[in-house]
Amino acid sequence: MEGKTISLSFLFLSLFAIYVSSTSLQYQTLLLHSLPLTQLQSLDHGSDLDPDNTLSLQLHHVDLVSPSSFNATPHALFKLRLQRDAYRAKAISDLAAGKPHAGGRDFSSSVVSGLSQGSGEYFTRIGVGTPPKYVYMVLDTGSDVVWIQCSPCKKCYTQSDPVFDPSKSSSFLGVACGSPLCRRLDSASCNRKKCLYQVSYGDGSFTVGDFSTETLTFRGTRVNNVALGCGHDNEGLFVGAAGLLGLGRGRLSFPIQAGRRFGRKFSYCLVDRSSSSRPSYLVFGESAVSRTAVFTPLVNNPKLDTFYYVELTGISVGGARVPAIRPSLFKLDAAGDGGVIVDSGTSVTRLTRPAYVALRDAFRMGARDLKRAPDFSLFDTCFDLSGKTEVKVPTVVMHFRGADVSLPASNYLIPVDSDGTFCFAFAGTMSGLSIIGNIQQQGFRVVFDLAGSRLGFAPRGCA
């Protein structure tokens, strides 16, 4: 069977090579920006309150700093980011495979990067409690439960803001054990009639504490009675942020809880964390839907309601469809296995192994004039572009059902050090689940229209 698979892959690659030799491939220019020698910036909270109570804002790209990050090189930070990314991708794949785990007005919030701490995630700044205490929380479309570190801490990791003290909030309210809200948790227990929550992640990280309701404030817009985990024991690879804003499709996620308030629509735009000074943003409500977006239907997984599944039908390189990348490689079956999800917290797009090998080989063929470099971490296709200011690279287009998404060159050939090494930013996975990561989403306005059961991509959406 293995020999047959290799023969088929060779056949498809041969067909693509014949096409390449007889047709002019499409290329685009990549302007080269290596990882800067220093990426660490002081934390600038800015103004916590919007004096005009406006519902849209421009946000500056900053990096949060933890004490352990000051002496880390960009190269080391990026490698740490990829290691953390691998943990997350495995956790998502395990969850999708059913392996045990625990766990009406527009408004907007700031979004910043965790790159300087080796995190592949983005942070959003939110006010918690009454009066609001502004903290950074991880923006995560792959999780449902909203949680924050709370004092007193049995064990808390280091965060950039003071730990939230629920005793100083007039809107904090514990959830009773056995209540309908408590029963929504996948993993709940009781202590003195109080509802306790627990969320565990595939990398061994976990958060445990009191399940409660609290008021969240987005730059002056208050959302009351949000179900919130108040974590007193939070351990693992968490860093910097105070907690997590769950943006998944499950019933405890923030978009579902507050859906009536903003019409079950939100969008974000994530900028290139390593080189861009343009703002990232997160918007809820009708204004979240871009007129320039192309949309693909959301696919429902009967086994798991957290993730945003879409239908990927193929990928083109240099203007030509890669023959071996067939829709069957990404099919979500009746048992809920396989499929493709769009995830804000995973950095690198991971494709089922046969699809990745076909994509990689097609790109290598189109980029055969570029000088190769050694592999880096999970990347097996790297190039030495030192001394150059720009190069021509084959175009890459992801074909979703009803939507063709043409990626900027900087979304798939990325710097991994300060010496001019660039790598093809896709990876293979032995899991049946493919994940569209945030490197490939950078610069797009990604629209989550739950009311319309669709997901959209608007190019150049961060302008």
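1. In this predicted model, strands S20 and S21 (residues 382-384) pair in the antiparallel sense over 2 bridges. Phe-383 in S21 is the bridge partner of Arg-372.

2. The pair belongs to an open sheet of 4 strands, ordered S20-S21-S26-S25, with antiparallel pairing. S20 (372-373) and S25 (413-415) are the edge strands; each has a single partner strand, so one side of each lacks a neighbour in the sheet. Helix H6 (residues 353-366) packs on this sheet and touches S20, S21, S25 and S26 (421-424). The direction of H6 makes about 135 degrees with that of S26.

3. The UniProt record, an unreviewed entry, annotates Asp-140 and Asp-343 as "active site".

4. Asp-140 lies in strand S4 (residues 133-140). Its relative accessible area is 1%, so Asp-140 counts as buried. The side chain of Asp-140 is joined to that of Ser-143 by a polar contact of 2.6 Å.

5. Asp-343 sits in the loop between strand S18 (340-342) and strand S19 (349-352). With a relative accessible area of 0%, Asp-343 is buried. A polar contact of 3.4 Å links the side chains of Asp-343 and Thr-141.

6. On the overall composition: the protein has 7 helices and 30 strands. Of its 463 residues, 58% are buried.

How values were computed. Residues are numbered from 1 along each chain as its sequence is written. This is a predicted model: local features need pLDDT of at least 70, side-chain atom pairs count only at pLDDT 80 or more; totals for chains, interfaces and linings use all residues. Side-chain values use heavy atoms; hydrogens and water are left out. Buried means under 20% relative accessible area, exposed over 50%, partly exposed in between (1.4 Å probe, protein chains only). Two strands pair if DSSP finds at least two bridges between them. Contact means heavy atoms within 4.5 Å. Axes are lines fitted to C-alpha atoms, for helices over the stretch in contact, and angles run from 0 to 180 degrees between N-to-C directions. UniProt positions are given in the numbering used here, feature names are shortened, and annotations may be inferred rather than shown by experiment. A polar contact is a pair of N or O atoms within 3.5 Å; within protein, one must be able to donate a hydrogen and the other to accept it, and residues adjacent in sequence count only if both atoms are side-chain atoms.
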